[in-house]
Amino acid sequence: MGLALTVGFLGLLILFHAAYSTIQYRGVLKITEEEFSGLPIEVVIELFLGLLLCFWTALTAPGKFLSIHPHSEENRIVSLPANPDFMIFNHRGKVFPVEMDLKLRQ
């Protein structure tokens, strides 16, 4: 896993360098008063290389998938009450004031 994280860190450094190169290139274009027509090919290659390294790290760094044993004590099913009328849910909607007399503007 150490190699994957090192490659991911290298990919992030390459992406940050490509971003810095893009900002520097745009600054040079402003000084010379030229129009922006696209990035140099070196920066585009650098972006794709950094992106591929970061993708590779994202796919390999989390580790191996483990099987789920259906008869394990950790996989218990939580039962819900038989009458769903009295179930209470906490959510962010209770922060907003309740106004029932709202009319839509037309």
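Let's start with Phe-48, which sits in helix H2 (residues 41-60); helices here are DSSP runs of H or I with at least four residues, strands are E runs of at least two, and numbering goes from the N terminus. This is a predicted model, so local features need pLDDT of at least 70 and side-chain atom pairs 80 or more, while totals for chains, interfaces and linings use all residues. Residues are numbered from 1 along each chain as its sequence is written, and side-chain values use heavy atoms, leaving out hydrogens and water.

The protein chain has two helices and zero strands. Of its 106 residues, 14% count as buried (under 20% relative accessible area; exposed is over 50%, partly exposed in between, with a 1.4 Å probe and protein chains only).

A "transmembrane region" covering residues 37-59 comes from the UniProt annotation, an unreviewed entry; such annotations may be inferred rather than shown by experiment. That stretch is 83% helix and 0% strand, with its end C-alpha atoms 34 Å apart.

Now for the aromatics. There is one aromatic pair (ring centres within 6.5 Å; planes under 30 degrees apart are stacked, over 60 edge-to-face, the rest tilted). Tyr-25 and Phe-36 make that edge-to-face pair, 6.3 Å centre to centre with 65° between the planes. Tyr-25 lies in helix H1 (residues 2-32) and Phe-36 in the loop between H1 and H2, so the pair ties together parts 11 residues apart in sequence.

Here is how accessible these aromatic residues are:

| Residue | Relative accessible area | Class |
|---|---|---|
| Tyr-25 | 26% | partly exposed |
| Phe-36 | 35% | partly exposed |
| Phe-48 | 52% | exposed |

Definitions and conventions
Rings of Phe, Tyr and Trp (its six-membered ring) pair if their centres lie within 6.5 Å; planes under 30 degrees apart count as stacked, over 60 as edge-to-face and the rest as tilted.
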